[in-house]
Amino acid sequence: MSTTDLTPADFQQLQSGAAAAQTPRPSLSYWADAWRRLRANPRAMISMSLIVFLLAFVSIGPGLWQVDPAAQHLDQIGIGPGADRQVTLAEPFQQWQPSISDIALADNPLGLTLAMPANTQAVRLIWSEQVPQQQPQQTRYRLYRNLFAPKDTGSFGLPLAVVDRSWFEDRLDLQPGTYHYTLVALDADGAETASAVTQTVDVIRVISIAEARQRGLLDAKETAELGQSLELAWHPLGTDYLGRDMLARLMYGGQVSLFIGIFAPLAFVLLGVIYGSVSGFLGGVTDQAMMRFADFVVALPFLLFMILFKVIFGIGPGESGIWPMLVAMIILLWPAPARLVRGQILQIREEGYVSASRLLGGTTSYVVGRHMLPNTLGVILVTMTFQVPSAIFTEAFLSFIGMGVAPPTPSWGAMCNEGIKSMLTRPHELLFPAMLISITVLAFNLLGDGLRDALDARMRGSE
C-alpha cells in the first residue's frame, strides 16, 4: 500500500484496552523477581512455613503452655501421649506388718497371693511356708518381678530380695500396670531349686486426699471420699523417665538448639564473608596467604578444639558446654563461606562498574561494601540457610555424645541422648526430639534449595 492510499482512519488513536493489551509487562527488580520465583516453589514455601512455625513453637509456645520443664510428676513417669490419667483416692501409706489373718490367706493352691489390693504405694505379698512342698524345711526364698510373663520371656525378671519369712512388701518404682511376681525357694547353699510360683498382679494408681489437695486436684473445701476417681495433670506428649513434661522440654530445648543453630552460622558466615571479600578483592600474594591460612583452619580437628575450649572455659564433667560449642563453631567453620565469597568477589571485581567506581575515587571499603557484597548477597543467603541445619545437627551430635548441652538443661540433642536409653519401652522420649531435628534440618535444606534457584540471575525472566 502506497502513501497515497492512506486515509484519516489509519491515523485514529488506539482504544485504551487495545493499548493496554500491547503494553509489555512492567520490569521487576532483582529481589522482586526472586521473591516471585520463590513463591512459585511450593517446597520452599512449605519449608518457610515450617521454619516460622518452629520459631513460634519455641518462642511463643512457653508463654501458652506454662509448665515448668524441670518439674517432676513422680506418679506419671514415662507415660506416653494419651495415657490414662485416672487416680484413685486412698489412705496414706502406712508401714505393713502382716497379721495372723493375713498369713491365713496364704493357705491357697497357688502358695503366693496378695494380702490386700495392689496399688502404686505398695504391693504386699504373702505365701505359704510349704513352698516348695517337696522340701518344707527350707525357709529362704528369692522374689522376682517382671513386666512380662516368665513363660513368654524365659526369665523371672528383676530380683527384688532374698527373704527368710513368708511375706514381702514391694515399693520399688511402682507404676500402674501389670506385674508378674515369681517366688523361688533356695536350698541350704543359697542355690535356687526347681520349684517356682508366679502370681500376676494388677497395680492401680492411688493418691492420698491430703496430697490431692496439695497438688490442686481437689479444692480446699471440696469433699472427697476414699475410692473416688480424679484426673492427674494433662501431658499432651507424655512425660520422660523423670516425669517431666515432654512438650515443655521440647519448647525450651528448641530454644537452645535453634539459638545455637542460628546464632553460630550468623557469626561464622559473617566472619567468612568479611575474610573472603577482603582476600578476593586484594588478590595476589595477600590472597594466596589468606587462603593458605583458611586451609590450615580447615585441617584443625573440631572435637579436639571443642574439648580444649571446654577446659579453657572451666566446664567440668556433666556441665553444659554451650559457649565452648559456639566458640569452636565460629573459629573453625568460617573457611567454607569465606572460599565461596572469595570466588564471587574474584569474578565481580573484573566487572566494568567496579572499575568505574575505583576510577571515581572509591575506597576499598566503599567498593566492597557498596558494589561487591550486595551482588554476592544471594550466595550469602543460600550459604546461611545450608549452614543452619549443619549447625543444628552438630549441636545434636555433640549433645548426644555428652559434649554439648548436659542435663538438666534441655536441648533436642540431649533429649535424644536420654531417650535412646529407653527407646524400647518408652519410644516417645526419642521420637519427638528426633522428629523435630529432622523437620528443622529438612526445612532449612529445602528453603536453601529454593533460594538458590530463586536468586540465580541466569533464571531471571526464563518463566
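Residues are numbered from 1 along each chain as its sequence is written, and, the model being predicted, local features need pLDDT of at least 70, side-chain atom pairs count only at pLDDT 80 or more, and totals for chains, interfaces and linings use all residues. Side-chain values use heavy atoms, with hydrogens and water left out.

Strands of a sheet pair through backbone hydrogen bonds, in either the parallel or the antiparallel sense. Here strands (E, at least two residues) and helices (H or I, at least four residues) are DSSP runs numbered from the N terminus, and two strands count as paired if DSSP finds at least two bridges between them. An open sheet of three strands has the order β2-β3-β6, with antiparallel pairing. Because β2 (112-114) and β6 (167-170) each have a single partner strand, they stand at the edges, and one side of each is left without a neighbour in the sheet. Neighbouring strands of this sheet are turned by 25° against each other on average, direction ignored, the axes being lines fitted to C-alpha atoms (for helices over the stretch in contact) and angles running from 0 to 180 degrees between N-to-C directions. Three bridges join β2 to β3 (residues 123-127) in the antiparallel sense, and L125 in β3 is the bridge partner of L114.

Four strands form another open sheet in the order β5-β4-β7-β8, again with antiparallel pairing. Its edge strands, β5 (158-163) and β8 (192-203), each pair on one side only, and the twist from one strand to the next averages 20°. Strand β7 (residues 177-186) runs antiparallel to β8 and is joined to it by nine bridges; Y179 has V201 in β8 as its bridge partner.

Grid points are joined across faces, edges and corners, and a volume is the space filled by probe spheres set on the points. The whole structure holds one cavity of 30 Å³ or more; the largest cavity has a volume of about 50 Å³, and its lining includes D240, Y241 and R249. Helix α16 (412-419) supplies the largest share of this lining, three residues. The second largest pocket has a volume of about 470 Å³, and of its 15 lining residues I77, G78, L147, Q175 and R426 are the closest to its centre.

Technical notes. 1 Å grid on protein atoms, 1.4 Å probe; cavity = no way out; pocket = protein on both sides within 12 Å on 5 of 7 lines; lining within 4 Å.
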